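Let's take a walk through this model together, one piece at a time. Have the viewer open and follow along.

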Amino acid sequence: MAICAIRGCSSNQKKKDPDIKFHRFPENEELRSKWIQLCNHKDPINVKNARVCSLHFEPTAYKRHLKYELLNLPLPKRLNVLNDDAVPTQRIAALKSKFITGMVQV
Ligand SMILES: [Zn+2]
């Protein structure tokens, strides 16, 4: 079972929720280090295995598919992907820390 790398995330305790997706860490190094900081873990994160769950992303962080939006169709799972520059901004305990507040708008 996938575990969310964000410290204190509730989706790790809950039973498996089909609506929650788990996202891999981005390839881009700069972006990836932002994600790692937002996870707020003392121990290093193994980004190859780590995942961040969809609870931490706003709807706008996902790629848009106008065809589905216009036709009001449910988006197939394979198309439900994050933008290339998406960062987790929701339900992040680390947002309270000084370091992070400058980086992400609350
Ligand atoms: Zn999570």
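A residue counts as buried when its relative accessible area is under 20%, as exposed when that area is over 50%, and as partly exposed in between. Keep those cut-offs in mind, since they come back several times below. One more thing before we start: what you are looking at is a predicted model.

Let's begin with the overall layout. The chain holds three helices and two strands, and reading along the sequence gives the order β-α-β-α-α. Of the 106 residues in the chain, 34% are buried.

Now turn to the metal. Which residues hold the zinc ion? The zinc ion is coordinated by the SG atoms of Cys4, Cys9 and Cys53 together with NE2 of His56, at 2.1 to 2.3 Å. The angles among these four donor atoms run from 101 to 117°, and the site is tetrahedral. For four tetrahedral donors, the ideal angle at a metal is 109.5 degrees. Along the sequence, the donor residues follow the spacing C-x4-C-x43-C-x2-H. Cysteine 4 sits in the segment before strand 1 (22–24), while histidine 56 belongs to the loop between strand 2 (51–53) and helix 2 (66–71), so this pair ties together parts that are 52 residues apart in sequence. Are these two residues buried or exposed? Both cysteine 4 and histidine 56 are buried, which by the cut-off above means that each has a relative accessible area under 20%.

Next, have a look at the pockets. The largest pocket contains about 380 Å³ of space. Its lining is made of 22 residues, and those nearest the centre are His23, Arg24, Phe25, Pro26 and Leu82. Strand 1 and helix 1 (29–39) each contribute at least two residues to this lining.

Finally, let's visit a few loops. Asparagine 28 lies in the loop between strand 1 and helix 1, and with a relative accessible area of 44% it is partly exposed. Where does asparagine 28 stand relative to aspartate 85? The two are 57 residues apart in sequence, and their C-alpha atoms are 8.9 Å apart in space.

If you like checking backbone angles, two residues deserve a stop. Asparagine 40, in the loop between helix 1 and strand 2, has a positive phi of about 60° although it is not a glycine. The relative accessibility of asparagine 40 is 28%, so it counts as partly exposed. Arginine 91 also has a positive phi, of about 50°, and it is not a glycine either. You will find arginine 91 in the loop between helix 2 and helix 3 (98–101). At 57% relative accessibility, arginine 91 counts as exposed, because the cut-off for that class is over 50%.

Definitions and conventions
Residues numbered from 1 in each chain as written. Predicted model: local features only at pLDDT ≥ 70, side-chain atom pairs only at ≥ 80, totals over all residues. Heavy atoms only, no water. Donors = N, O, S within 2.8 Å, 3.2 Å for Na, K, Ca; no water. Tetrahedral: all angles 85-135°; square planar, octahedral: opposite > 155°, others 65-115°. Helix = DSSP H or I, 4+ residues; strand = E, 2+ residues; numbered from the N terminus. Buried < 20%, exposed > 50% of the residue type's maximum accessible area, 1.4 Å probe, protein only. 1 Å grid on protein atoms, 1.4 Å probe; cavity = no way out; pocket = protein on both sides within 12 Å on 5 of 7 lines; lining within 4 Å. Points joined across faces, edges and corners; volume = space filled by probe spheres on them.
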